[in-house]
Amino acid sequence: MLTKLSRRQVLAGTVAGSALALASLSPAFAQVDSIVVTSYGGIWEIAIRDLFVADYEARTGGTAEIQIGGPPQWMSQIEASIDNPPIDVLVNTIDLALVAGRTGLVEKIEPSKLTNLKNIPDRFVESVQGWGVIFDYGAAGIAYHRERVANPPSSIKAMIEGALAGEYVLSLPSISYAPTPQMLIWSLADALGGSVDNVDPAFEALKQLQEANAVIFYGGATEFLNHLESGEAELGIYWDGRTWAHYSTGAEWIGFINPDEGAVMNPVVVQKVVNSPDTAWEYINSVLAPGPQLKFAEMVQYGVTNSEVVYPDWLKERITPWEETRWPPFEEIGAAIPVWVDRWNREIGA
Amino acid sequence: MGFSFMIPSLLLLVAFFIVPLVFVGEMSFREGRLPPPGGGLWQNYERLFFDSFYLGVIGETMLLSVVVTLICILVGYPVAYFMVRHAGGKLYNLIIFLLIAPLLTPIIMRTFGWQVLLARRGLVNEWLQSLDLISKPLALLNSPVAVVLGLVHVLAPFMILSIASVLAGIDRRLEESARMLGAGKGMSFLKITLPLSMDGLGTGAILVFMLANGSFVTLLLLGGGSLQTLPLLIYQQFNTTRDLPFAAAMSNALLLIAFICLFFQLRLIRRKGV
């Protein structure tokens, strides 16, 4: 039997249907034994899904949903609904991880609930002041075009001097790229005789490079590779893992150097969000487990932090040992970022 | 009764425009990470409107949008005119296809295309060098010229389609009457065709201006810091500085400026008698 619907019923149905559809998309409506974890896009998502989430689900019988994005967005989402957070486990940069700790978005690590923590060197917890654990890291060194740069510089200082002498054009991260304060401003200042309290040498070097038309800036990680491939630049400051991942795709023209000063450490932190269920600790345990960590390192070609992990030879050559990296003063840099960004905008450009 | 049909749209508008706007408005009055001396409720707006650097950024944002709009008019009008007046059925369809096809590819792909063309070892520099017009590569990328080229490429179809749809509706007999009364081709275009097509031109100008005003990806990929606009700085405040109150103030300022420009553009078009 057919029933004729009134306009009012159709409208009410539309509104109710829309509300239901929206509600079903909300993590707040996920099953109780399901947690929401975070990941960057691309190969990261694949690695997190196939390794950490798979390990967690196999061990606990629970499920974990992955939310793709970046730390600023995730932190805003948690801030907006702190009593019933839409995210349970946060992947974060270290400067924002410290902010998340100070502003009450995440919990302190509980060693009794993290069995795999015993194999993580203390520095990877202390650097985050206990507001999470570093499980993975990249190192920012010198990446270059092997066919166009016969004698690549061995240090950051030599790299700047070579560019100013007109030997090559540099591709450096712009201020729109989130890790720039650590990987470029502090790194340059440190290499050229400055410090976190005196970044004048970094800004002076950047201005000289601009005046000599010896630098271009990239706003996203892929853009650096385009700069080298298209011939817009010959070398620059870039990540070891991304360089080798690109090399593995057949781009054998790209090379990476850990500069004499040391590549800049860029840790990735995993944090448990406040008011998230205890099963979130179990997921963090999976993230810290040696088996999934080794496979993760093989996929993304970045270093991992469990001391039980033994890299195969091909990977060992590519990963910068964390002991050979420079650790920026993350907390001081975090506090200085607004001033540095403002200065960059006025002196260098957006 | 008709009003009830608008309820779903109004609900969407309230949920996804008005409510977020209220949140952004409230956020803009919180303390920023680099407050001006004295602080206060309006501190983020003070920083924005009383600092010559940020006023320069606002000016650059507006100037870029105006330049892109004017170039789109200059490039788009002849194309639209040719399409409507001279292209036959198949050619007309081909032009429409060529205009719409690029819109089907992501803006980021089209912008990367410009990177490849304008690079130091790119196609343009190679041609210029092979023709002995230049001895060493020009710095074409990471310049305002590259940004304007990229934006015109992305936005010109909006202008052309807006003008073409209005041109197609103009009664050709009006132009013929003008010609019969002694007006030359140029005079008949200036006195009849152009005024009657102002509606399409205005629509196209508003669309292009607004889209250029909020454009971000093209500036980030082709500008290389050579241009500083509000959308770039908003992204920076969110992504690098995490100064959300200041980003919110900039966002509101951008919206307000867009409304003001829209108001004046509409007045200008109406004054032209359309």
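**Exercise 1. Work out how far apart the ends of residues 244-264 of chain B are, and what secondary structure the span holds.**

Step 1: take the end C-alpha atoms of residues 244-264 of chain B; they lie 30 Å apart. Step 2: check the make-up, which is 100% helix and 0% strand. Helices here are DSSP runs of H or I with at least four residues, strands are runs of E with at least two, and both are numbered from the N terminus. Step 3: look at the record. An unreviewed UniProt entry lists "transmembrane region" for residues 52-79, 91-109, 145-170, 201-224 and 244-264 of chain B; such annotations may be inferred rather than shown by experiment, feature names are shortened, and positions follow the numbering used here.

Before going on, some ground rules. This is a predicted model, where local features need pLDDT of at least 70 and side-chain atom pairs count only at pLDDT 80 or more, while totals for chains, interfaces and linings use all residues. Residues are numbered from 1 along each chain as its sequence is written, and chains are lettered from A and ligands numbered from 1 in the order written.

**Exercise 2. Decide how compact chain A is.**

Step 1: count the elements: chain A has 14 helices and 11 strands. Step 2: compare sizes. Chain A has a radius of gyration of 23 Å, close to the 20 Å from the globule rule for 350 residues, so it is as compact as a globular protein of that length. (The radius is taken over C-alpha atoms; the rule is 2.2 Å times the number of residues to the power 0.38.) Step 3: get the extents; the C-alpha trace spans about 85 × 55 × 40 Å along its principal axes.

**Exercise 3. Describe how β1(A) and β2(A) pair.**

Strands β1 (residues 34-39) and β2 (residues 63-68) of chain A run parallel, joined by 6 bridges; pairing takes at least two DSSP bridges. V36(A) has E65(A) as its bridge partner in β2(A).
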